[in-house]
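Open the structure in your viewer and keep the sequence panel beside it. The stops below say what to select next and what is there.

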Amino acid sequence: MVRVAEEWFAVCGGCELSLLDIGEPLLDVLPHLEIVHMPVLMDHKLLGQCGDGKKLEIPEADLGIITGGIRNEENRELALEMRKKCKIIVALGTCACFGGIPALANLSTTEEMMEQIYSKEKGTEKSDSPSDKSLPKMLDRVYAVDEMIKVDIHLPGCPPTPTHIAELLGAVLEGKSFALPERSVCDTCPTIREKQSTGGPIKRSLQNAQFTPGRYDNMRCLNEQGLFCLGPVTKAGCNRILGADPSEEIPRCIKAYMPCRGCFGPIRQGSNPTADMMGSLSYIGRDPKEIVDRVATINRFIGSGRLRPQDK
């Protein structure tokens with residue numbers, strides 16, 4: 001029996017829904033799991049059943065799953081508690097692995113963000129920023145989980161695919177290691193690459209690509225067509241299907257004839273996807289300066305947890 005603890009921080013809850021979306025294979029796994037802490041599912045009292053505890057505590061567990069980036073003092077305290085009480089820590093989802101969408105706030109200081117929300121936002125009555133001391137204090141920025149504690153397994157995705165989660169749980173139950181291959185979306189993309197652009201400016205992703213409905217093998221690379229695609233610097237795996245041949249899995253956005261938006265994060269830990277993407281575009285004759293709001297666009301998922309206001 002594997003004891004499981006789970007916590008969610010700065011996150012939307014999509015990763016938790018992916019756990020449910022595993023479907024019937026989850027029924028084979030559940031009898032071997034004992035869930036001891038999971039706020040989305042059960043009301044476990046962090047300060048004791050009577051609320052008289054002095055610090056946040058969770059039970060000991062074999063597997064600790066964390067979703068979302070670390071935004072405030074409570075998140076940080078719980079992350080440290082999870083690391084203390086759990087033998088294996090999994091950062092589940094792109095927000096936990098890299099900061100994700102919430103970490104785009106890192107392009108502004110906390111003070112600038114609070115002023116924008118409570119004083120400058122159109123359609124909202126102006127008010128002072130909250131000063132209630134019972135609220136957890138915000139940190140200076142959103143942190144990826146591995147910036148605060150040691151993470152044993154990274155499983156990105158916005159959200160992660162249910163298949164990958166099922167494979168992860170199966171590996172833990174069998175005492176095996178788990179890691180996604182360091183392949184890019186381009187490695188699994190069936191489009192034609194001629195290593196040069198078709199000319200013209202870089203287009204917005206909402207514009208249509210040139211393609212033949214129902215086919216992918218005769219569609220030109222979207223970056224070469226002028227549509228900004230993050231495939232060269234994004235980890236592959238977004239369309240992983242249980243039992244399918246990985247070589248036949250077309251990336252999800254490409255399957256919809258749309259450019260990759262980077263939701264699986266960078267190909268490997270510690271990479272510099274912004275610089276790599278600039279190089280990839282330059283290689284085919286594109287000018288990266290044409291990208292509107294390129295820092296936020298490129299870092300929507302990949303590496304946003306490490307952004308600083310000065311990176312704007």
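Buried here means under 20% relative accessible area, exposed over 50%, and partly exposed in between (1.4 Å probe, protein chains only). Helices (H or I, at least four residues) and strands (E, at least two) are DSSP runs, numbered from the N terminus. This is a predicted model, in which local features need pLDDT of at least 70, side-chain atom pairs count only at pLDDT 80 or more, and totals for chains, interfaces and linings use all residues. Residues are numbered from 1 along each chain as its sequence is written, and side-chain values use heavy atoms, with hydrogens and water left out.

**Stop 1: helix H5**

Select residues 110-120, which form helix H5. Its buried residues are Thr 110, Met 113 and Met 114. Looking down the axis of H5, these fall within an arc of 95 degrees, so they line one face of the helix. The arc is that of the directions from the helix axis to the C-beta atoms. Contact is taken as heavy atoms within 4.5 Å.

Turn to the face of H5 that points away from its buried side, where the exposed residues Glu 111 and Lys 120 sit. Lys 120 has a relative accessible area of 51%. Its side chain meets that of Glu 115 in a salt bridge (3.7 Å, N to O). A salt bridge is a side-chain nitrogen of Lys or Arg within 4 Å of a carboxyl oxygen of Asp or Glu. Glu 115 is partly exposed, at 39%.

**Stop 2: other salt bridges**

Side chains of opposite charge can pair when their charged atoms come close. By the rule above, the count comes to 14 salt bridges.

Select Lys 85 and Glu 81, whose side chains form one of them (2.8 Å, N to O). How far apart are Lys 85 and Glu 81 in helix H3? They are 4 residues apart in H3 (residues 73-85), so about one helical turn separates them. Lys 85 counts as buried at 16% relative accessibility, and Glu 81 counts as buried at 8%.

Next, select Glu 174 and Lys 176, a salt bridge with its closest N and O atoms 3.0 Å apart. Both Glu 174 and Lys 176 are exposed. Then pick Arg 83, Lys 150 and Asp 152, which are linked in a network of salt bridges.

**Stop 3: the nonpolar cores**

In soluble globular proteins, nonpolar side chains tend to be buried together. A nonpolar core is a set of buried Ala, Val, Leu, Ile, Met, Phe, Trp, Tyr and Cys residues joined through side-chain atoms within 4.5 Å.

The largest such core has 24 residues. Select Leu 63, Leu 92, Leu 155, Ile 165, Leu 168 and Phe 178, which have the most contacts inside it. Elements giving two or more residues to this core include strand E1 (2-8), strand E3 (61-67), strand E5 (86-92) and helix H6 (162-173). H6 gives the most, with 6 residues. A second, separate core has 22 residues, including Phe 9, Ala 61, Ile 70 and Met 82.

Return to Phe 178. Leaving aside neighbours within four places in sequence, Phe 178 is in contact with Ile 153, Leu 155, His 164, Glu 167, Leu 168 and Ala 171. Of these, select His 164, which lies in helix H6. His 164 counts as buried, at 4% relative accessibility. Not counting residues up to four places away in sequence, His 164 touches Leu 155, Phe 178, Leu 180, Gly 237, Arg 240 and Phe 264.

**Stop 4: cysteines**

How many disulfides does a search of the whole structure find? It finds 0, a disulfide being a pair of cysteine sulfur atoms within 2.5 Å. Select Cys 186: the closest cysteine sulfur, in Cys 229, is 6.1 Å from its own, too far for a bond. Cys 229 is likewise in no disulfide, and the nearest cysteine sulfur to it, that of Cys 260, is 5.2 Å away. Cys 186 is buried at 18% relative accessibility, and Cys 229 is buried at 7%.

**Stop 5: helix H9**

Finally, select residues 273-283, helix H9, where Pro 273, Met 277, Met 278 and Leu 281 are buried. They cover an arc of only 140 degrees around the axis, which puts them on the same side of H9. After H9 comes Gly 285, whose phi is positive, near 90 degrees.
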